[in-house]
Every structure is written in C-alpha cells, then in structure tokens.
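Let's take a walk through this model, starting with the overall fold and then stopping at a couple of local spots. Have the sequence and the 3D view open as you read.

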Amino acid sequence: MGISPPFSAVVLVLLALAIGALPRQKSLTLGGVVRLDPQAMPWQQSLLALLRGSLVFAIAAGLDLARSPLYLLALLALSVGGYLSQRQPLLTAIAVAFFWADWPTATIALLLGIVSVIVVQNSRWSWALAIAAFPVVTALMHGQDGVRVALTVLLALWLVMVSTPLSPGLDTAFSRPERGIRDLASLVGTQAPIGHRAHNLVQLHQQSGATPPAWVLQPGDDPEWLLQVADVTPEEPLAVLSSPVGGSIQAEDCQIVRDLVELRQAIYVVLADYQRQPVGSGVAIILQRSPLARYAGWVMLRSQTVDIWGLPGDRQNLHRSSRPRDHYRWENQTVSLMPNSTGDLPRTVLDRLMARLEPLQRSLSPNEELMLEWADDGEQAWLLQLFVTVCS
C-alpha cells in the first residue's frame, strides 16, 4: 500500500482502534417496511462483528502484516476501541479476525473454548477459560515464536478483564465516566440515557433521601456487571425494573428476586422483552433494594391534598394486586378514610409516610401531581418509584 515498514504497524493499530470505536449502527427503516435494528436483532450484531474483524484482517493483509505477531496488537487495539466507545470487548470481531489470520490455531482454540463454556456452567469463569484457550493453543503451535505467544497472552488478559465481571473497577478506569453501573447519588444532575423511570428515581432520591439503595445499568452495557454490585439474599431482596429509553413503562413491571439465580433470570427476561419489542434506543435496568415491607401502596401527591392507597403485605403483593383497597385522604393535617376502605393501615404508618411526603409536597406547584409507590417495613417508610403527572 506504499507505506514504509516502520510505519505500517502503527497505521494498522490506529485503524483497528478506529474500527473498534465505531458506534453501533442505529436502526434503519427501508422503504417504510423493513426495519434493521442491530440492538434488537442478534444476527445483525453478528454480521457487524464479522465485518469489523474482516476489515481489520483485510487492512493487515494489504500491509503484509496478517501473519506477523504485530497483527495481535491490532486485535488488542480493536477491542480497546470497542471498550472505550461502548464498553463492548468485541469478542466475535476478534475471533473472526484471528481466524482469518491463523485458522488452524483459531479452530482448535474455539473448540476448546466451546467445551469450557459447556462444562463450566458458572458464566463468570466459563468465558475466561474459553479466552484462555487461545494463548495455550498458540504456545503449543507457535512455541518458537516468543513474541507471538507473549502478545497472545497480553490480548487474552485484556479480554478476560473487560469481558467477564471479575473487576468492576475497570468500569471507571477504562470507560467514559458517564457510562457503566451507577448508583443514584452519582446520577444526580446527569443527562445519561437511562430512561424516564431511572431519571424519576434519581429525582426522588435527590428531593426526599427516602429511597432504598439502587443501581442503574445503561442500555447496551454488559448485564453481567450488575451481578457484581448485587448483594441479594432472602433477607435483602432486590427489585429488578426496566427503564426504557424513548419508550413507556408500566407500573406492574417489577420483579422481586432473592438470590443470584433469580436475579440473572430477571435481568435477561427484561432484555428479552425489549429485544422482541424494541423501543427507542434500548432499555436501562434498575436494581433497587426491596424493603421487607409490612405495608405497601401508592400515593397521589398534590400541593393541597394527598390520596394514599395501601394494603398489608410487601411490594411483591402490591404488584400482584389490581389496586390497594385502603384509600385515605390527607388534607390540612387531618386524615380521613375514604368509602369502600377497611382501615387496615395503622396511623403510625400514615404518619411516617406523610413525614416523607411533606418535603415533596411543599415543592409542588398548584397544577402538578406526583404519583409514587411506597412501602413501610415497620420502622420507616420508603419511597420506591416516582411518576409525574401535570394537570391541565
């Protein structure tokens, strides 16, 4: 290609870095009929990965570097570019590029990797073992080429770090600060694409300080990283909620989980739902500590009055019910039981709840309403979700 040898490797690495950093294709509609959405259709993502890997190989072949150990530096740059721009290690693209350059080694390594994924059911380690097969096979087949073996080991170490949830600290070290798993406090004032539900929860946290601990994963990020911040037990369950970006949410969209197996299943159920029915640019996932509540319900908060619905039971009972039956109205510091209610909510629960709601009520304008989900664990009241309604 007319580039002198000392600079060809530099050119290859820089081009591979740029290819890895290319954003994923946005959804396209062809002729108003066919919609292409790589974020919702896995085969399109695989096609893009094939093109990325093949393009890097084609450039390396044009520079006479496809069989050089320095080609592995280009693969490392490809993954770094993908991770810095979108936190994607681009494993498929790297496997494709590796295969074109050295298909015997790649074939054996891929077979060993598939076996390791099948045998080792723990997803945290199965992918790490699959990646480790590449330097092992390279050492066996190219033992005389020390540089190739060393660079393959370096590439494998990088891929293990960024593609398996072994070191969440890399989220900060190797990605843009506005990406990755975030807790509510770190999201105050942000414009990150996390959907209305998550933004409302951040606002509720900022204004009341009465929300349980929660974490948010942005659309497109690796869901396995959520398991690293999750400390979930039957005594400390978590709620899994979706927060569509550019779409609507439903109040019933909440799953309570009590162990890591349930948590992983709930996360992938959310992702599968939005892959079948894509909305906007994806869906963020919220993990929220779920209080072991004795009472739960909903509140319609206005500047002058508060309507409170509730029932005995925890949050899961609330979401399985059509509507809490006990309806109270709080007005001018007095509470009245509305018709067709049974009065199961103790006054102490109502008082604790109103203490949480009063700061929010003082900030409301006359034409504004807030709908909130609440729970009380017998010691304190928690505000769980916020829905904003502005009156006409």
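Helices here are DSSP runs of H or I with at least four residues, strands are runs of E with at least two, and both are numbered from the N terminus. Counted that way, the protein chain has 13 helices and 13 strands. Keep in mind that this is a predicted model, where local features need pLDDT of at least 70, side-chain atom pairs count only at pLDDT 80 or more, and totals for chains, interfaces and linings use all residues. Residues are numbered from 1 along each chain as its sequence is written, and side-chain values use heavy atoms, with hydrogens and water left out.

Of the chain's 392 residues, 48% count as buried, meaning under 20% relative accessible area, while exposed is over 50% and partly exposed is in between (1.4 Å probe, protein chains only). If you take contacts as heavy atoms within 4.5 Å, then 65% of those with a separation of 6 or more join residues 24 or more positions apart.

Leu-47, Leu-50, Leu-51, Phe-99, Trp-100, Trp-103 and Leu-110 make a nonpolar patch of about 660 Å². Helices H2 (42-62), H4 (91-101) and H5 (103-119) each give two or more residues to the patch, and H2 has the largest share, with 3. Leu-50 sits in H2 and counts as partly exposed because its relative accessibility is 35%. Areas come from the Shrake-Rupley method with a 1.4 Å probe, and for residues only the protein chains shown count as cover.

Finally, look at the loop between H2 and helix H3 (71-86), where you'll find Asp-64. Asp-64 isn't a glycine, yet has a positive phi of about 60 degrees. With a relative accessible area of 71%, Asp-64 is exposed.

Note on methods: Patches are made of residues with over 30% relative accessible area and no salt bridge: like charges are joined within 9 Å, nonpolar side chains (Val, Leu, Ile, Met, Phe, Trp, Tyr) within 5 Å. A salt bridge is a side-chain nitrogen of Lys or Arg within 4 Å of a carboxyl oxygen of Asp or Glu.
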